[in-house]
Amino acid sequence: AAVELISFSALDILANDIAYGGVEPGDDTGTLIASSTLENVGNTGLDQESRGESMCGTYSVSTPCPSSASSTIPANQQKFASSSLSYASPAALTLSSTTNQEVELDVLKTTSTSTPQQGTTYWGIAVPVAITLAGNYTGLNTFTAKTAEPADW
């Protein structure tokens, strides 16, 4: 008898950090130079949805960033895409703190647990000119598995 398999879209992000390096106030990364790697651990093809929170030097999950022009980088200053575009490219997606934005990664479904399929998202950031507090800024980006169109499996 035939067995029906239920689809299961799941991902793992292989690193904890999206490392932008040093960016001065009033500057951006120029191109989407940082990256995150999605590993497909489900049984469907995948795209990725992302949303995020503002970044500051005091961020923690229990203590989000204050609304401060001089010490908080809003989430919408981060941009991302499936390739390393210019930060200013209209094709780069703007991170939102309220709405998931879908990037078409078209990661094939994994057929062997020893060789999981992967996809890369490229990231860039602009630091507002009003930022006066130097240091490392931290925030939280959330990644959600999105089942890709069947043609992309």
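What follows is a working chat about a predicted model of a protein.

Biologist: What share of the residues counts as buried?

Modeller: Of the 153 residues of the protein, 34% count as buried. The protein exposes about 8400 Å², and carbon and sulfur atoms supply 51% of that area.

Biologist: What about contacts, how much do residues 24 or more positions apart account for?

Modeller: Among the contacts with a separation of 6 or more, residues 24 or more positions apart account for 75%.

Biologist: Switching to aromatics, how many aromatic pairs does the structure hold?

Modeller: The structure holds 2 aromatic pairs. In one of them, phenylalanine 80 and tryptophan 123 are stacked, with 4.8 Å from centre to centre and 25° between the planes. This pair links distant parts of the chain, since phenylalanine 80 belongs to strand 6 (residues 78-81) and tryptophan 123 to strand 9 (residues 118-125), 43 residues apart.

Biologist: Why does phenylalanine 80 count as buried, and why does tryptophan 123?

Modeller: Phenylalanine 80 counts as buried because its relative accessibility is 0%, and tryptophan 123 counts as buried because its relative accessibility is also 0%.

Biologist: Then which residue forms the edge-to-face pair with tryptophan 123?

Modeller: Tryptophan 123 forms that edge-to-face pair with phenylalanine 143, at 6.0 Å centre to centre and with 80° between the planes. Tryptophan 123 lies in strand 9 and phenylalanine 143 in strand 10 (residues 141-147), so the pair ties together parts of the chain that are 20 residues apart in sequence. Both tryptophan 123 and phenylalanine 143 are buried, and ring pairs link Phe80, Trp123 and Phe143 into a cluster.

Biologist: Now the largest pocket, how much space lies in it?

Modeller: About 770 Å³ of space lies in the largest pocket. Its lining is made up of 29 residues, of which Ile18, Tyr20, Met55, Tyr137 and Thr138 lie nearest the centre of the pocket.

Biologist: How does that lining split by class?

Modeller: By class, the lining of the largest pocket has 17 nonpolar, 11 polar and 1 charged residues.

Biologist: Let me pick one of those, where does methionine 55 lie, and is methionine 55 buried or exposed?

Modeller: Methionine 55 lies in strand 4 and is buried, because its relative accessible area of 10% is under the 20% cut-off.

Biologist: Which residues does methionine 55 touch?

Modeller: Leaving out residues up to four places away in sequence, methionine 55 touches Cys65, Ser71, Thr72, Ile73, Gln78, Ile125, Tyr137, Thr138 and Gly139. As for serine 71, the C-alpha atoms of methionine 55 and serine 71 are 8.6 Å apart in space, and the two residues are 16 residues apart in sequence.

Biologist: Where does tyrosine 59 lie?

Modeller: Tyrosine 59 lies in the loop between strand 4 (55-56) and strand 5 (72-73). Although it is a loop residue, tyrosine 59 is buried, with a relative accessible area of 13%.

Biologist: What does tyrosine 59 touch?

Modeller: Not counting residues up to four places away in sequence, tyrosine 59 touches Glu53, Ser54, Pro64, Cys65, Thr138, Gly139 and Leu140.

Biologist: One more loop, where is leucine 108 found?

Modeller: Leucine 108 is found in the loop between strand 8 (101-107) and strand 9. Leucine 108 counts as partly exposed because its relative accessibility is 39%. Among the residues that leucine 108 touches are Asn40, Gly45 and Trp153. The C-alpha atoms of leucine 108 and glutamine 118 are separated by 7.9 Å, the residues being 10 apart along the chain.

Biologist: Last one, what is phi of aspartate 106 near?

Modeller: Phi of aspartate 106 is near 50°, a positive value in a residue other than glycine. Aspartate 106 lies in strand 8 and is partly exposed, with a relative accessible area of 32%.

Methods. Residues numbered from 1 in each chain as written. Predicted model: local features only at pLDDT ≥ 70, side-chain atom pairs only at ≥ 80, totals over all residues. Heavy atoms only, no water. 1 Å grid on protein atoms, 1.4 Å probe; cavity = no way out; pocket = protein on both sides within 12 Å on 5 of 7 lines; lining within 4 Å. Points joined across faces, edges and corners; volume = space filled by probe spheres on them. Nonpolar A, V, L, I, M, F, W, Y, C, P; charged D, E, K, R; others polar. Buried < 20%, exposed > 50% of the residue type's maximum accessible area, 1.4 Å probe, protein only. Contact = heavy atoms within 4.5 Å. Areas by Shrake-Rupley, 256 points an atom, 1.4 Å probe, with all protein chains shown as cover. Phe/Tyr/Trp six-rings, centres within 6.5 Å; stacked < 30°, edge-to-face > 60°. Helix = DSSP H or I, 4+ residues; strand = E, 2+ residues; numbered from the N terminus.
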